[in-house]
Amino acid sequence: TDTPLQFHSIYTAKADGSGASKILDGVAWPALSPNGKSIAFYQLGVYGKNPGLYVADSFGGNPTAVFISAGVCCFHWSHDGNWIVFANSTKPSQPGGPIMMVKADGVYKTIVDLKVSGNGPAFSPDGALVAFSGCNPGTNSCGILSVKTDGTGATRVITQDNGGNAAWSPNGSKIVYQADDGAGHLNVFVVNSDGTGKKQLTKGKGNDGQPVWSLDGGSIFWRSDQSGSGWAIFVMNSDGTNPRKIISD
């Protein structure tokens, strides 16, 4: 609600946008656990706390430091709630870096380095893969890639359009993400998980991005600057129809 870090806050609301309630101050990058009981977030380093990945209950209580680093961001829970994946930048002003997983067992001591670099990582529904934005090693081709969570196999190229903030559909068949539409505008796209069938879902003239699926797969939520008029959260059907604003401000 203001420039100083202590005024960066996390709110929760119902899926229709009603019942908004602030739960944490001095924080960013919220990610609810699949069972809705916990929230992972980035502590910005105010109120005497070290910056890094923290986990609290879904109302913001009992925060626990998980991974202290000023460069972590973009958290995502595995669908069984056992792991949190994140990127850890060595340069906090430049998002993206080594992608890691931490075991969400309340102890948070088991860290797995997936040995790839990028940003915006997200688990596939079966937990076997992590999609992320990055560049194919040895090439200038950048976009959405995936890597196996068991550390085997090479990264797989899904798109080559400099896309980012990927999120898998609940059945694993599709990935929604943001990319430039070719006219200088950031918009939301969806692609089959094998890289085929790319489709543009939004037609904004500004910035439309950070998309996520509803748990039933029927809707996609995203963040829009409404072509420069002010940020808001929107929802649409998963095929791009019936877009509507649910949270202003």
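1. Let's settle one term before anything else: a disulfide here is a pair of cysteine sulfur atoms within 2.5 Å. Keep in mind that this is a predicted model. Searching the whole structure with that cut-off turns up two disulfides.

2. Start with the link between C135 and C142, whose sulfurs are 1.9 Å apart. The torsion about its S-S bond is 95 degrees, making this link right-handed. How exposed are C135 and C142? C135 is partly exposed, with a relative accessible area of 42%, whereas C142 counts as buried at 15% relative accessibility.

3. The other disulfide is formed by C73 and C74, with 2.3 Å between the sulfur atoms. Here the S-S torsion is about -70 degrees, so the bond is left-handed. Both C73 and C74 are buried. If you number the bonded cysteines of the protein chain in sequence order, you get the pairing 1-2, 3-4.

4. Strand β5 covers residues 52-57 and strand β6 residues 64-68; the two run antiparallel and are joined by four bridges.

5. The structure holds four aromatic pairs. One of them is F41 with Y54, which is stacked, at 5.9 Å centre to centre and 25 degrees between the planes. What does this pair tie together? F41 sits in strand β4 (residues 38-43) and Y54 in β5, so the pair links parts that are 13 residues apart in sequence.

6. Two charges over rings are worth a look in the viewer. R223 has its charged end over the ring of W231, 3.9 Å from the ring centre. K198 puts its charged end over the ring of F189, and there the distance to the centre is 4.9 Å.

7. Next, the open sheet. Its four strands come in the order β14-β15-β16-β17, with antiparallel pairing. Which strands stand at the edges? They are β14 and β17 (199-200), each with a single partner strand, so one side of each has no neighbour in the sheet. Looking at the β17 end, strand β16 (residues 186-192) pairs with β17 in the antiparallel sense over two bridges. For V190, the bridge partner in β17 is K199.

8. Finally, S169, at the other end of that strand order. This serine is found in the loop between β14 (164-168) and β15 (174-180). Is S169 buried or exposed? With a relative accessible area of 4%, S169 is buried, because buried here means under 20%. A polar atom of the S169 side chain lies 3.3 Å from the backbone nitrogen of S173. Leaving out residues up to four places away in sequence, S169 touches P125, K174 and W213.

Conventions:
Residues are numbered from 1 along each chain as its sequence is written. This is a predicted model: local features need pLDDT of at least 70, side-chain atom pairs count only at pLDDT 80 or more; totals for chains, interfaces and linings use all residues. Side-chain values use heavy atoms; hydrogens and water are left out. Two strands pair if DSSP finds at least two bridges between them. Buried means under 20% relative accessible area, exposed over 50%, partly exposed in between (1.4 Å probe, protein chains only). Rings of Phe, Tyr and Trp (its six-membered ring) pair if their centres lie within 6.5 Å; planes under 30 degrees apart count as stacked, over 60 as edge-to-face and the rest as tilted. A charge sits over a ring if NZ of Lys or CZ of Arg is within 6 Å of the ring centre and within 35 degrees of the ring normal. A polar contact is a pair of N or O atoms within 3.5 Å; within protein, one must be able to donate a hydrogen and the other to accept it, and residues adjacent in sequence count only if both atoms are side-chain atoms. Contact means heavy atoms within 4.5 Å.
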